[in-house]
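Please keep the sequence and the 3D view open while reading.

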Amino acid sequence: MKPYSDRRASLIAQMQARGGGIAIIPTAPEVMRNRDADYPYRHDSYFYYLSGFTEPEAVIVLVAGAKNQTILFCREKNMEREIWDGFRYGPDVARSTFGFDAAYPIEALDSELPKLMANAPALFYALGSDNKLDTQVQGWLQSVRGQARAGVTPPNAAYDIHVLLDEMRLIKDANEIDIMQRSADIAAAAHRRAMRIARPGLREYHLEAEILHEFRNNGSQFPAYGSIVATGANACVLHYRASDAELKDGDLVLIDAGCELDSYASDITRTFPANGKFSGPQKELYEIVLASQDAAFAETRPGKRFMDGHDAAVKVLAQGMLDTGLLDRNKVGSLDDVIASRAYSQFYMHRTGHWLGMDVHDVGEYRDAAPNGADKPWRTLQAGMVLTVEPGIYVRPAEGVPEKYWNIGIRIEDDALVTANGSHILSAAAPKTVADIEALMKH
Ligand SMILES: [Mn+2]
């Protein structure tokens, strides 16, 4: 439990630096899917980051004052509910197990919070992001104001605690990096499994089933997001989900799938031929995407900016589009023209990466701070950040586009940890050179 108590201590220190106060961090609510059946429960990432506690109906309260205090509100033991729904820690055991100074039943929130907020200089919570919490805070504040004649003062400042937590979560600690490596290893194994089993005649859901089997069989609790298994033209639909299309001889298959392991996501995309052998045109475009990813990796190191990798990838992709005739030089001009006019976006319309962590599109500012009103430069990379590097080319049939490339959709996505002097590819165990993929698929 040490990583969690260290993070609480770090947050309290940051609250102290702002004059102290109390922080309120609730977990996520349970959500009904349909009559009596809940969606699988997933705790709130901020809450988990500070506690390691996975039960619903829980709130963390941190006091940064003359005496600092960490408090957990959670469900009470309840034999009858535990028979139906499973084990509950209850406040006493949760307090000692998760290392809080105090714990109360969740029902005590309304009686305890006004006491804790009395005379606290400031409130730290997720301002304006949760109606229920906003309403609760308003009620507690009114209750504190009601004691004004007794000399009690309510907090007179509020901070968005997500701003502090996002910065913490953006830089992964050793514990997080260890879990993220294991999450990526499982996802890489799932991609290998799908490549080994793939052949014409199977359907997209067969490959999705292999992916899910590998995730769950290795202890992953959930997929980190809805798996994309897209064959043929479906690969050109960016947010396609695994459906029932048949893998056709001569088509490519694009799989974008990652797992969640102990709350941390992996996010890997591989594209491979359904029959195990790339065609000439497929290989041409594939090598361009692979080279663009290498160019982006070279820009993924401390001191570089978040968009440097994207810009490097775009340069290689755009050059490849000119070389293959996807873009007609007579119409679009030189490489510089293509980049300036964004003509490449006909075939590459998304950004090359995003932060990765507990959430697949993880928290963290994409830009560095700048004086109010000034343009903010893209974020400077530093060791401990994790981001995806995922260039692609998607060719929809269109006039002037060589027909041999029609309906080819390729994306190659890896998870990169920025290290002291470069980057480490967490997802390297998923094969991606033409030779490695064809060798694995030989059967
Ligand atoms: Mn991604």
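The model is predicted. The protein chain has 443 residues, and 50% of them are buried. Its secondary structure comes to 14 helices and 19 strands.

**Overall build**

- The C-alpha trace of the protein chain spans about 80 × 55 × 40 Å along its principal axes.
- Contacts between residues at least 6 apart in sequence were examined, and 70% of them join residues at least 24 apart.

**Manganese site**

- Which residues supply the protein donors of the manganese ion? They are Asp267 (OD), His354 (NE2), Glu390 (OE) and Glu413 (OE).
- These donors lie 2.1 to 2.5 Å from the manganese ion.
- The spacing of the donor residues in sequence is D-x86-H-x35-E-x22-E.
- Glu390 sits in the loop between strand 15 (386–389) and strand 16 (392–394), and Glu413 in the loop between strand 17 (409–411) and strand 18 (414–418), so the pair ties together parts 23 residues apart in sequence.
- Both of these glutamates, Glu390 and Glu413, are buried.

**Sheet 15-18-19**

- An open sheet is formed by 3 strands in the order 15-18-19, with antiparallel pairing.
- Strand 15 and strand 19 (423–425) are at the edges with a single partner strand each, so one side of each has no neighbour in the sheet.
- From one strand to the next, the twist averages 35°.
- Strand 15 pairs with strand 18 over 4 bridges, in the antiparallel sense.
- Two pairs of residues show how these strands line up. Val386 has Leu417 of strand 18 as its bridge partner. Thr388 stands opposite Asp415, also in strand 18.
- Val386 and Thr388 point one way from strand 15, while Leu387 and Val389 point the other way. Are these residues buried or exposed? All are buried.

- Strand 10 (residues 228–231) is covered on both faces.
- Strand 10 pairs with strand 11 (residues 252–257) in the antiparallel sense, over 4 bridges.
- Within this pairing, Ala230 stands opposite Leu254 in strand 11.

**Helix 14**

- Helix 14 covers residues 434–441, and its buried residues are Val434, Ile437, Glu438 and Met441.
- Why do the buried residues line one face of helix 14? Seen down the helix axis, they fall within an arc of 95°, so they share one face of the helix.
- Ala435 and Ala439, on the other side of helix 14, are exposed.
- What covers the buried residues of helix 14? The cover includes helix 8 (174–197), strand 14 (268–273) and helix 10 (280–298).

**Arg7**

- Arg7 belongs to helix 1 (residues 2–17).
- Arg7 has a relative accessible area of 4%, under the 20% cut-off, so it counts as buried.
- Its side chain makes a polar contact of 3.0 Å with the side chain of Asp173.
- Leaving aside neighbours within four places in sequence, Arg7 is in contact with Tyr49, Leu50, Met168, Asp173, Asn175, Glu176 and Tyr264.

**Asp262**

- Asp262 lies in the loop between strand 12 (259–261) and strand 13 (264–265).
- Its relative accessibility is 28%, which falls between the 20% and 50% cut-offs, so Asp262 counts as partly exposed.
- The side chains of Asp262 and Gln221 make a polar contact of 2.9 Å.
- Leaving aside neighbours within four places in sequence, Asp262 is in contact with Tyr48, Ile179, Arg182 and Gln221.
- Asp262 and Ala188 are 74 residues apart in sequence, and their C-alpha atoms are 17 Å apart in space.

Technical notes:
Residues are numbered from 1 along each chain as its sequence is written. Side-chain values use heavy atoms; hydrogens and water are left out. Buried means under 20% relative accessible area, exposed over 50%, partly exposed in between (1.4 Å probe, protein chains only). The arc is that of the directions from the helix axis to the C-beta atoms. Contact means heavy atoms within 4.5 Å. Donors are N, O and S atoms within 2.8 Å of the metal (3.2 Å for Na, K and Ca); water is not among the atoms, so sites may look incomplete. Two strands pair if DSSP finds at least two bridges between them. Axes are lines fitted to C-alpha atoms, for helices over the stretch in contact, and angles run from 0 to 180 degrees between N-to-C directions. A polar contact is a pair of N or O atoms within 3.5 Å; within protein, one must be able to donate a hydrogen and the other to accept it, and residues adjacent in sequence count only if both atoms are side-chain atoms.
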